[in-house]
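Good morning. Please look at the structure as I go.

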Number of protein chains: 2
Amino acid sequence: MKRRSLFTLAAALPAFPLLGSLGACATVPDPKVASPAEPIGTGDLGVVIERARGTLAIVDTTQRRVLAEVPGLGDLSHASVVFSRDGRFAYVFGRDGGLTQVNLLTQRIVARVMQAGNAIGGAISADGTLVAAQNYTPGGVKVFDARTLALVADIPAWYGPGSEDSPERRAAPSSGESTLGGAGAAGDGGLKRSRVVGLVDLPGRRFAFSLFDADAIWIADLSQDPTRPQLTQLPGIGRQPYDALVTPDGRHYIAGLFGEDGLALVDLWEPQPRVRRILNGYGRGQQPLPVYKMPHLRGWAVAGRHAYLPAIGRHEVLVVDTSTWQEVGRIPVAGQPVFVIARPDGRQVWVNFAVPDYHRVQVIDTPSQRVIDTLEPGKAVLHLEFSPRGEQVWISCRDDQRVVVYDTQRRAPLATLALDAPSGIFFTARAARMGF
Amino acid sequence: MKRRSLFTLAAALPAFPLLGSLGACATVPDPKVASPAEPIGTGDLGVVIERARGTLAIVDTTQRRVLAEVPGLGDLSHASVVFSRDGRFAYVFGRDGGLTQVNLLTQRIVARVMQAGNAIGGAISADGTLVAAQNYTPGGVKVFDARTLALVADIPAWYGPGSEDSPERRAAPSSGESTLGGAGAAGDGGLKRSRVVGLVDLPGRRFAFSLFDADAIWIADLSQDPTRPQLTQLPGIGRQPYDALVTPDGRHYIAGLFGEDGLALVDLWEPQPRVRRILNGYGRGQQPLPVYKMPHLRGWAVAGRHAYLPAIGRHEVLVVDTSTWQEVGRIPVAGQPVFVIARPDGRQVWVNFAVPDYHRVQVIDTPSQRVIDTLEPGKAVLHLEFSPRGEQVWISCRDDQRVVVYDTQRRAPLATLALDAPSGIFFTARAARMGF
């Protein structure tokens, strides 16, 4: 099953900025796609990041196997992926600022741009027309046409002296202006670009995101004219928002705060959205343990009336009531949680952990709020992804060079796929969900 | 845009039981699919039932147009559709008992069986391997292999004198036994087959359904051996269950009762599921108005903590708290509601009506629980379907021979598609959801 040897040519693609059709090679012919007379559906496809070699593995969740590998995606050490609404294209956000559009059916790179020097993920608008990237270097958000990867809008996320008085500076319409300076490069008047985290899509061609350096949450509305984003700025949310999520209904945006013992919440359904602090004093401030890895909030679980979320640095999952946003319980777990993800039906919540406990995965039964199973799928579990109806979950074990697929009911392995240093796993059903 | 004229050959397919590959003709070549070098994704595909001529229109929700029409599906006067997990196949349940598998990419009928004399819809298992049909004539449920439409299990739904003592009679493994007698044809010992309604998929290769004639809810578990369903029978739920739904999390199964002023609820997460009566005395029993059309419960809306449901015979939508299952409000609407469907984010609920008010659609804003818009998309509005992220809704206007697509935010039409007597609209994203 080792597939690595197929790719000695490791396609080092030319860099920055590349637009248009690039033909990265596909893999060996596959019986499932060999005949043009038998086209395949995209509903059961997905991708796995092979982070060490900049390669995307295309997988099929029905047959539970690798269909192809597409190399040439650059530095994928903190990569994330969104999908076009037809399920045909994956948009891969690389750590090095590369944004790559891959056709899952032809198994080729269609377009690729180096859009920043250091990036941290992205989102796609609800109507599928706009892809947005959140950047560290330089800071800000860039918005691209999903068909062509042409730049549509640049939102530099300025902050600094006087920035509160000059909101017009913060959004620049698409122009020839170079936006690829250094991290936080000073703009005119001493303003800097903030690093951006927690970027999510909202209904109606809008995006929300958090400014790590500016302690703010911004909402960008591109529904009228995508080249001129209308910004709503919510400052003073608390120190160092490091990641965020939107609830599955698109209503609540929640940013985790690295510099505070609490989180920031915005009810996006309010006519004038404002920030509320929640879960103050949950224990982040006690810092009883060093933080080995920042948890991912995008993986927070909302199951029924409760949100399950990783307590930073603690061996606990917090249980929060989503009507009051009060903590209603804590569940002891085997390590510092990283991803805390609900099975789509909310009956189970699966958790993985930071080093040194990252060979384990635990399963929480939500009605009883107890850990009912501890699995050891392999070394260095980095991510997990449920099939859309939850009957299977795929778990990446980076240091064992494999992805293990479990039946979630019996918690027994169904398949093992050999992949090179697998990290993030993303299925096309994300295209149909908000906040993914 | 009229496409009817293309199909004078109206493919009257041979009947009962047909297995294997039938080549019903596809429509004119389409630029989107003409080139095998440019395969298309299935995530943005859907189908519209053209009920009067037994034809399925394949549509694309990105370009908002008809890609092809597939005739030869028999009587589609109360048809419903489920999708394979890859989004490639639609399974169409016809009123005449026909079950037809259509490949959306080749735009052809792949297999077709006449599985009953009078049928009322179906479901697909969470893992996509089993398709189940609910039947009126003869009663019961039949389960098919999703790949081949070969019969896997027959669940006749016996009821009558002594039936409570002989549960083994109620499930028959797949065998040569003919199950195509008349409606409620007497089995041995005077037992009859009940008409079955409210069939839904549950996690783990299970199905739940209601027995209209036997006042019962049954749960069939096919996870061990699909040919030998394990049945859990819940009798005495109240008179004449006429339709049912499962909540989006797969936890609560709710059957509407035509013969009672209330509904039957089962919490499927309980170790020993049992039936509870809810909403007793909501007004069904007052019968202040003749019932022009039975509402569809599958269309019930669960948005946030509330379920919105049609009050039978009344010009009202009931609002129910899903933790207590108590009524917490009523919203006056323009007629007898038929479908009451939440936009996927739950921010809006859209309602259509029985004759004589079936030229209108109303939009409820859920935070304020008020009607905020009344649209008149055309004559005889029969169904509506949201795109998976809710930015658009498709509305079928049977007597105006068209489907109108609206932007749900601005409530302005985006497109109009000419179709022959359109009724049900179904998008492939249903494959990723429970209870659809």
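A:Val266 stands opposite A:Val275 in strand β22 of chain A, where strands are DSSP runs of E with at least two residues, numbered from the N terminus. The model is predicted: local features need pLDDT of at least 70, side-chain atom pairs count only at pLDDT 80 or more, and totals for chains, interfaces and linings use all residues. Residues are numbered from 1 along each chain as its sequence is written, chains are lettered from A and ligands numbered from 1 in the order in which they are written, and side-chain values use heavy atoms, leaving out hydrogens and water.

β21(A) and β22(A), residues 275–278, pair in the antiparallel sense over four bridges; strands pair if DSSP finds at least two bridges between them. β20(A), residues 252–257, is also antiparallel to β21(A), joined by five bridges. Five residues lie between β20(A) and β21(A) in their hairpin.

Why is β21(A) largely enclosed by the rest of the structure? Five of its five residues, 263–267, are buried, meaning under 20% relative accessible area (1.4 Å probe, protein chains only).

Now to the two chains. The contact (heavy atoms within 4.5 Å) takes 45 residues from chain B and 45 residues from chain A. Between these chains the count is eight salt bridges, each a side-chain nitrogen of Lys or Arg within 4 Å of a carboxyl oxygen of Asp or Glu. B:Arg389 forms a salt bridge with A:Asp201, with the closest N and O atoms 2.8 Å apart. Thank you.

Definitions and conventions: Buried < 20%, exposed > 50% of the residue type's maximum accessible area, 1.4 Å probe, protein only.
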